[in-house]
Amino acid sequence: MRRTGDLKLIQELNRSIIFDTIRHYGPISRSEIAKRNKLSPTTVTSAVSELIRDSFVCEVGTGESNGGRKPILVQFSPDSRFLIGISISGSKITIAEMNLEAAVKRKEVHSIKPYQGESILAYLLEVIEQFLGGAAASLETCMGISIVTQGIVDSVHGVIRYNPKLRLQNAPVKELIEQRFQLKTWLDNDTNAYLLAEKTIGDFSHYQNMLYVTIGDGLGASILMNGSIYRGFKGGAGEFGHTTIDRAGVRCDCGNVGCLENYVSWPTIYSKLVSSLAKGKTSRISDLVEQDVGRITPAVFRQALAEQDPLAVSILEETASYLASGLVNLIHLFNPEVIILGGEIAFENELLIAKVKDYVREYAHGILTEELEIRPNSLGENVEVAGAAAVLLQDMFQFSL
């Protein structure tokens with residue numbers, strides 16, 4: 001239901017503005033908060049008292065006097081509460097305990113390769129239960145559990161509508177977890193969450209039109225249009241990996257043929273590496289994994305690239321070419337200011353960024369690339385759980401109608 005401008009709505013808006021001011025400018029006095037936001041001292045005092053009561057804010061001494069009593073300063077208390085951030089990819093569950101600035105305090109990674117469908121949900125509940133048992137603080141100070149995953153997600157109801165890699169369809173994740181642990185739970189698409197994190201706690205806050213592309217077990221994209229994430233009618237916007245590039249190509253997990261994901265993802269890169277090594281091609285990768293192809297990881301691939309291994313470089317160039325072809329389509333459709341490349345393949349991979357830039361500049365309309373930036377993510381290898389945290393923090397602390 002659309003909310004109207006009643007007193008409670010105005011109070012919520014003022015509290016959100018005041019809290020945001022403390023987070024960005026604290027330590028700060030109540031009078032300075034009122035002055036910055038053109039609010040009455042009474043309004044500020046009331047909101048700050050509530051924030052102190054809820055342990056989100058604390059008093060931290062006195063400031064300089066302008067002639068009267070020294071003002072008492074307040075600042076944000078990010079460690080007063082904690083949250084649980086979870087990322088579910090096609091191969092693993094990453095779970096972390098984080099403070100209210102998305103700083104990771106404790107993190108674990110669990111393989112889900114033996115699991116499919118309903119068994120993944122059962123395993124997820126098991127992982128969460130074990131992890132909560134190791135929490136240093138009382139669960140009473142836990143803000144909740146935030147989960148991000150691939151595929152089409154109904155973020156409003158907390159349902160995975162369709163995830164072909166995990167064989168999940170209409171899975172009520174939010175309901176299952178809230179019933180089991182009595183903690184408020186959020187669920188969102190992973191790439192949407194990564195883009196939100198870059199916009200709110202990363203280095204991209206001043207951009208209004210962005211694309212975030214993640215390259216890992218799959219290939220996904222998120223779209224920021226005029227400052228808001230575009231989700232589409234059923235929450236399926238950004239299924240970049242399932243755009244078709246070859247009607248005679250390989251069959252995808254989704255049932256379609258020739259999906260871009262099957263040309264630009266870690267499973268594809270890994271398959272090409274193993275096949276080439278089996279055919280006798282020499283590569284630094286063999287030495288790095290001591291001839292055990294089962295030990296080849298994205299990190300090993302990136303290390304081989306850094307050492308300019310010919311096999312790794314040739315596969316990277318082919319991957320970058322396919323990726324750039326898809327990006328050119330997105331550039332022509334959405335005309336972004338910046339494209340952020342994330343995921344295990346793009347992490348600390350300067351060669352990939354450089355190759356993609358070259359291909360995009362060659363094939364995209366020049367007017368659309370004159371000021372276009374293509375950059376790596378700014379949140380590093382913790383971007384998965386940072387994305388989960390951003391979903392929770394945005395909902396809890398950012399006022400919206």
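Start with the whole chain and its contacts (heavy atoms within 4.5 Å): of those with a separation of 6 or more, 61% join residues 24 or more positions apart. This is a predicted model, in which local features need pLDDT of at least 70, side-chain atom pairs count only at pLDDT 80 or more, and totals for chains, interfaces and linings use all residues. Residues are numbered from 1 along each chain as its sequence is written, and side-chain values use heavy atoms, with hydrogens and water left out.

Colour by burial next; 49% of the 401 residues are buried, meaning under 20% relative accessible area with a 1.4 Å probe, protein chains only.

Now colour the domains, whose bounds come from an automatic or database domain assignment: domain 1 (7-76), domain 2 (82-197 + 384-395) and domain 3 (206-377). Between the C-alpha centres of domain 1 and domain 3 there are 45 Å.

Then select Lys92, Tyr194, Gly343, Glu344 and Glu384. Of the 40 residues lining the second largest pocket, these are the closest to its centre. A pocket here is an open set of points on a 1 Å grid over the protein atoms alone, where a 1.4 Å probe fits, with protein on both sides within 12 Å along at least five of seven lines; lining residues have an atom within 4 Å of a point. Where does the second largest pocket lie? Domain 2 and domain 3 both give residues to its lining, so the pocket lies between them.

How values were computed:
Buried means under 20% relative accessible area, exposed over 50%, partly exposed in between (1.4 Å probe, protein chains only).
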